[in-house]
Amino acid sequence: MGLALAWCLVMSITMPWWHFQGKQNAPQTTYEVEPEAFIQRVHQFVETNQVGEMNNVPIVEPEPGGDAYLLGQMWRWYPVLKLKKDQTYRIHVSSADLQHGLSIIPINMNIHVLPGYDYVMEITPTTSGEFSLICNEFCGIGHHLMTGKIIVEE
Amino acid sequence: MSTDTVKAAAYRVCETTGLSIFLKAQFFVKINAVLAVIFLLVGGIAALLLALTRWSNVMLLNDIWYYRMVTLHGVNMLVFWIIFFEMAILYFASTTLLNTKMFSKKLAHTSLALMFVGAVVTNYIILKGQADVMLTSYPPLEAHPLFYLGIILFAVGALIVAFNFFATLYIAKKNKTYEGSMPLVTFGAATAAIIAVVALLHGAAALVPTFLWSMGWMEMMDPGAYRLLWWGLGHHSQQINVAAMVSVWYFVATMSTGAKPLNETVCRGAFILYILFINLAAAHHLLVDPGLSSEWKIWNTSYAMYLAVLASMIHGYTVPASMEVAMRRKGYNKGIFGWFAKLPWKDPGFSAVALSAIIFGFIGGITGVTLGTEQINIMAHNTLRIPGHFHATVVGGTTLAFMGLAYYLVPLIFQKDFYMKKLARIQPWLFGGGIVIMSLGMSFAGTYGVPRRTYDSDFGGAVLETGFDPVAHIFLGVLGIGGVIAFIGLLLFLVLIVAAVFFGPSLKGQKMPTWQTDKEQKMTDELISKGYEEEGKDYHVKTPGTIVLVLIFLLSFAIYYFANWAALADLWHIR
């Protein structure tokens, strides 16, 4: 029993330790936002920073260190983001309608997305290539069609 | 009518255990168990269809029916099957084990009617296609009002059963129908009932406003607040399952091997830890949600969860240790594991419970604590790793333990004997084995990021193409095969139970037939008859086998835990 208790203590300490020392922690910054207002910001972001198109979806390149916007809606992640490796971005994520789950594939990073909440991921891609976004929270009959992309350049 | 004749009609004495079985309460044990099994069948058929759809080479259902079946499966298994069966356990643990009649037959009827109507209404509206919202029904996703109403009615019924249970404990105490402190199994059931009340109140706070919203009478609840409250129901009700399951472990361990809890105070303390600390574990569903601070997340998962984890580890030690002591007292002293080989593996009640403890601990427990770590959750949230975890706890753990109990309920309460005993002996292995295979398939597919609750793992037809590593598809196949095996195990269980209950040879006036040799059964009976006063003398019996098992467990735990941290370090940086 002593051993079990000791193990519980080890686990209890690891979590806060990683919070301060680790490079991967759940994002903490959240702002309240009306879905309509968030959609406006996304459109503005696309207009100012669009650099191309992929299957009719705009490709948008934010300033390194700057803000980027990603909208989850039935059924797509909008727009395609183009990032630079080892640069940090503040990516604002929210939903236009239902709850969604943002999942970056194949590196397998996942966060939950709620309408009315602007969730800010401070993210630094450490690998380059083309990554997929999928939705992993059920959001209606087209849930398994909801995808997006992040392109990371060297 | 004299009081004596009233009493004579009110209960019978069990020929096997010598306990008094109160006929009114017996009716409610039976009817709740039967309803539980019916909903288990509904959920089981849905489960087979789901397994055959997620198996990406088969994809049996179309998308609409896939999502409908996920909803149907979740609601019937996690709510109706498990809670109906737990109601049977509450009636049994409060009357027979305390030697008392139940508090109110009227309340029992009322609650039964509410629960039955609620379950039927919810199933009807799901199958009608007006509630494709998953068990969790996260707003703004909206179902037909009857979906929420059915679950609310069911929950109110369950609350009334819990009230009836506590009132029965009270009259038993007042009438001094038992000596000393409350039996451990009843204590565990009381733990489950207390947690149930807390869980159901959270459920009401989430679902009543949502029902009113679906009627157009209220504004929609904030989706974040809903998740917080809903998981107060969703996770706490898993703690009901854990407490009930552990009680079943203790009960069947005694019945099948003659084991007595090693140290009752410690076992009771561990149950109390569940009540005090596990409630906040609901937080670990919200680890990567917006709107909650890291301090809140870390506090609510570590302070609370790890003490409850400790409680499970205590039960995980005391249950096998008490069996080891019992076996050694019978003279099976050969080596470290000689007793283990001689356990009554031919008794399906025992093997179901033993497998339940192993699957719950080694797969469900280890994955659960690891995935419930704030940062590791980034690699797990809403992927197939999550159902991979909870099918090992709630199916391989709780459902299998309840199946084990059923092998005792049928002869003792229904007083019927089984047919096809050879098949009964393999049933727990088939079901447990299938669940282990399925659960591992889910967990490994999930490590590739394959999402849960998603019809097409390859997102075929999407504007921006995506897909998974072929290895992930192999694991989806493993999931499918495991699911089919588990379904065959489930079907076998239902056939055995139905054949025995409705057509089995009567056991009225007889002892329960033993699954062991007569010699073994005699030794077990002797241990049971020695009673609790002998218990203290067992302390000198060492349990080296269990200690080795515990060390293997902790080692596997540590390896899995740190392997996950290592994998986490390879991700993109995020905060």
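## Helix contacts in chain B: α6 and α7

Two residues are taken to be in contact if their C-beta atoms, placed from the backbone, lie within 7 Å. In this predicted model, that criterion brings together B:A199, B:H202, B:G203, B:A205, B:A206 and B:T210 of α6(B) with B:Y226, B:L229, B:W230, B:G232 and B:L233 of α7(B). By class, the residues of this contact are 7 nonpolar and 4 polar, with no charged residue among them.

The crossing in which α6(B) passes α7(B) is left-handed.

Helix α5 of chain B, residues 145-174, contains 30 residues and spans 43 Å from its first C-alpha to its last, which is close to the 44 Å expected at 1.5 Å a residue. Just after α5(B), the backbone at B:K176 adopts a positive phi of about 50°.

The axis of α5(B) and that of helix α3 (residues 63-95) of chain B come within 9 Å of each other and cross at roughly 15°. Because angles under 35 degrees fall in that class, α3(B) is roughly parallel to α5(B), and the crossing of the two helices is left-handed. On the side of α3(B), the contact is formed by B:V79, B:I83, B:M87, B:L90, B:S94 and B:T95, while α5(B) supplies B:I151, B:F154, B:A158, B:V161, B:F165, B:T168 and B:L169. The contact of α3(B) with α5(B) comprises 10 nonpolar and 3 polar residues and no charged ones.

## Helix contacts in chain B: α12 and α13

For helix α12 (residues 348-371) and helix α13 (residues 385-412) of chain B, the axes come within 8 Å and cross at roughly 160°. With that angle, α12(B) is roughly antiparallel to α13(B), and α12(B) passes α13(B) in a left-handed crossing. The residues of the contact of α12(B) with α13(B) divide into 15 nonpolar, 11 polar and 1 charged.

## Chain A and its strand pairing

Chain A has 2 helices and 12 strands, and along the sequence these elements follow the pattern α-β-α-β-β-β-β-β-β-β-β-β-β-β. Taken along the principal axes, the C-alpha atoms of chain A fill a box of roughly 60 × 35 × 30 Å.

Strand β12(A) takes part in two pairings described here. With strand β6 (residues 80-84) of chain A, β12(A) pairs in the parallel sense over 4 bridges, and A:L81 stands opposite A:I150 in β12(A). With β11(A), by contrast, β12(A) pairs in the antiparallel sense over 6 bridges, and here A:G129 stands opposite A:V152 in β12(A).

## The interface between chains A and B

Where the two chains meet, 60 residues of chain A are in contact with 59 residues of chain B. The elements that contribute two or more residues to the chain A side are α1 (2-21), β8 (100-105), β9 (109-113), β10 (117-124), β11 (129-135) and β12 (147-153) of chain A. Of these, α1(A) provides the largest share, with 11 residues. The residues on the side of chain A that touches chain B divide into 31 nonpolar, 23 polar and 6 charged.

Strand pairing also runs from one chain to the other, in that β10(A) and strand β3 (residues 573-574) of chain B pair in the antiparallel sense over 2 bridges. In this pairing, the bridge partner of A:I123 is B:I574 in β3(B).

## Backbone features in loops

Two cis peptide bonds can be noted, one in each chain. In chain A, the peptide bond from A:M74 to A:W75 is cis, with omega near -5°, and A:W75 is found in the loop between β4 (67-73) and β5 (76-78) of chain A. In chain B, the cis bond joins B:P139 and B:P140 with omega at about 10°, and B:P140 is found in the loop between α4 (105-127) and α5 of chain B.

A positive phi, near 45°, occurs at B:M59, a residue other than glycine. B:M59 has its place in the loop between α2 (23-54) and α3 of chain B.

How values were computed
Residues are numbered from 1 along each chain as its sequence is written. Chains are lettered from A and ligands numbered from 1 in the order in which they are written. This is a predicted model: local features need pLDDT of at least 70, side-chain atom pairs count only at pLDDT 80 or more; totals for chains, interfaces and linings use all residues. Ala, Val, Leu, Ile, Met, Phe, Trp, Tyr, Cys and Pro count as nonpolar, Asp, Glu, Lys and Arg as charged, and the others, Gly among them, as polar. Two strands pair if DSSP finds at least two bridges between them. The expected span of a helix is 1.5 Å times one less than its number of residues. Axes are lines fitted to C-alpha atoms, for helices over the stretch in contact, and angles run from 0 to 180 degrees between N-to-C directions. Angles under 35 degrees count as roughly parallel, over 145 as roughly antiparallel, 65 to 115 as roughly perpendicular and the rest as oblique. A crossing is left-handed if the near helix is turned anticlockwise from the far one by less than a right angle, and right-handed if clockwise.
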